[in-house]
Amino acid sequence: MLSIKNLHVKLEEEDKEILKGVDLEIEAGKVHAIMGPNGSGKSTLSYVLSGKDGYEVTEGTATLEGEDVLEMEPEERAAAGLFLAFQYPVEIPGVGNMTFLRTAVNAQRKARGEEEMSAADFLKLIRARAKDLKIDADMLKRPVNVGFSGGEKKRNEIMQMAMLEPKMCILDETDSGLDVDAMKLVAEGVNALRNAGRGFLVITHYQRLLDHIKPDYVHIMADGKIVKTGGPELALEVENNGYGDILAEVA
Amino acid sequence: MAEAAVQQSTTDARLASLTLPTGGWSEVARKQAEARLRKMGLPERRDEYWRYTRPETLTQAIAVPAALFNNDETPIFGEIDRLSIVFVDGVFDAEASDDLSLEGVSIERLANATSDLHWARDLYGTLEEKGQTPVPRPLAALNTAYATDGILIHVTGKISKPISLQYFHQSETSDAILHHVIRVDAGAEVTLLENGPAAARFNKVMEVDIADTGVFHHVRAQGRDHERRAATHIFARLGAESTFKSFTLTANGVMTRNECVIELTGDDAIAHVAGACVGDGDFHHDDTVFVTHDAVNCESRQVFKKVLRNGATGVFQGKILVQPGAQKTDGYQISQSLLLDDDSQFLAKPELEIYADDVACSHGSTSGAIDEGALFYLRSRGIPEGPATDLLTLAFLAEAVEEIENEDLREEITGRLAAWLERHRS
Ligand SMILES: Nc1ncnc2c1ncn2[C@@H]1O[C@H](COP(=O)(O)OP(=O)(O)OP(=O)(O)O)[C@@H](O)[C@H]1O
Ligand SMILES: [Mg+2]
């Protein structure tokens, strides 16, 4: 599904390399988790994959179902099926949540040569999705993320994901800022989307999320590289011992 | 030449190209206005009040010709049930206009000022004259003196549909001067619509006198002709518990100066004046507003938003003056521009002058670019750059557009703005 090979990324503005050769292969139907110390480059990886400005790929490739995503505009990546749940969802005053999502759904459909979703169908769908995530009607009408609590913003990200039904979902610390109940809701939202055709990359600092979203693989990222890969037990090790042992072992 | 002499010659040259209409009840007011104008002279480049806008093309004797702008778009407000009054290049078009009779209002033409209209005679030129202090507005005095026509609207009840002034521009050299007078009686209510480019050069004054508890709504869309020039003035006087709400959409036009002078003279009155303008390239738009609070517990809002690109210029000069005794004044003023590139500019001069102690006034002026973080967020959800930029731009304009109370009109304006933005993407 998503294939990342020897990806090197530096900042556009300064001569600072952030990703120093990332290799990652995410198959359809699998959930991969990435853990790693603060500043190791996890968010940078998610931004580079989704097309944010400010980064320069100096080496390596990233393909989604064989297509070079690094060549695409951000909106093309989205239409191709890539979705990023942001670590820090952006507030957009003046743009209603509903208008935003409807525009997004239909823009993606249009890009794929599909018919637009009717207003009635959209309304039905968004109401159902919002209900699953306990997002009330008022939140749907409000401007995108404006005045939302930290947890509400994260739930809103997952609702967008559920509406857009991407093939490759990247979740950047979607668990941070969530209370225990909200974490369950979010995990249920993610699990409901798990199927044989969809890949997941879940960035997190805590084992707790992975209790709910059971990963197939866990990767440890440090200083711009994947330094270790294992099964769910690796997350437990991190939870218990921190990164010290792992980093020492690979150094 | 000394400055005063330059001014004298500009004024003389302009007046030499005009003929003072005579006869009828407006004659006295016209003569007085002409004397007023001669005394103050037309604006010059060095005038402080014209610091950001060059007045030459608005004051010179002969108007610069303006190419006609043909497009197949249906004119704005076309779907709205309204009483339509049509002017072509400043000339009333009886055939294209609706019958002027409607319950709750009497409508006459200024050009028919021979029939004695006491209310209009008592009003014509008076609000304009009052509005000359503390800042002179010579183009408005010129208008009072030389207006060739206009509409006199006396609202006595709640009107069932909007009165709509439609202006068409059909001659490349037309130079129109229209003066409208509106009187809203106590308890009466009216919505006035205006649209169209009017002429190659358009000088328009509208005097609005709102009695206690009267309500006046005004929504205008200035014509899209690229080369047209306009200098417009609204002078409004508000009685107790009355409401004045005016919104202007400006898209295109090489030169526009919209002045709005509002006086709150009765307690508990509300005055909102708002504008959304979008300019691309050779575009200069100036909103100059002066709100005077002279009564207790009044509310005023000035909300102006400008979207500028390719070297377009936006100007805002706005003032709130709170007179002694005008306690509990609630005054708000915001002027913001969204610059879509580095070539465009926004010049703002917000002012507060307060002589009462129990007031709440705020003002703010900002100039900014599209929020890159928000743009990326939208694009990452699949919305292409163009539509995403438009969404953010419309969101920026929304605070001004939301000043329009009527939902149909609000949607009509939003639709026009969206269409303009779509046509003017980079
Ligand atoms: N635009 C930028 N300008 C300057 N430094 C940047 C920029 N983007 C990333 N960095 C730096 O790159 C490094 C990696 O940042 P990144 O946000 O990817 O880390 P992370 O693994 O997501 O950390 P966290 O766990 O704290 O979220 C950090 O040192 C960060 O300061
Ligand atoms: Mg991060």
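Which side chain does a polar contact of 2.9 Å join to that of H180(B)? Keep that in mind as we set up. This is a predicted model, where local features need pLDDT of at least 70, side-chain atom pairs count only at pLDDT 80 or more, and totals for chains, interfaces and linings use all residues. Residues are numbered from 1 along each chain as its sequence is written, chains are lettered from A in the order in which they are written, and side-chain values use heavy atoms, leaving out hydrogens and water.

**Stop one: H180(B).** Select H180(B) in strand β6, residues 175-184 of chain B (strands are DSSP runs of E, at least two residues, numbered from the N terminus). H180(B) is buried, with a relative accessible area of 1% (buried means under 20%, using a 1.4 Å probe and protein chains only). Now show Y167(B): its side chain is the partner in that 2.9 Å polar contact (a pair of N or O atoms within 3.5 Å; within protein, one must be able to donate a hydrogen and the other to accept it, and residues adjacent in sequence count only if both atoms are side-chain atoms).

**Stop two: two domains of chain A.** Colour domain 1 (1-83 + 194-209 + 224-240) and domain 2 (90-165) of chain A; such bounds come from an automatic or database domain assignment. The C-alpha centres of these domains of chain A lie 25 Å apart. Next, zoom in on where they meet: 5 residues of domain 1 of chain A are in contact with 8 residues of domain 2 of chain A (heavy atoms within 4.5 Å).

Note on methods:
Helix = DSSP H or I, 4+ residues; strand = E, 2+ residues; numbered from the N terminus. Buried < 20%, exposed > 50% of the residue type's maximum accessible area, 1.4 Å probe, protein only.
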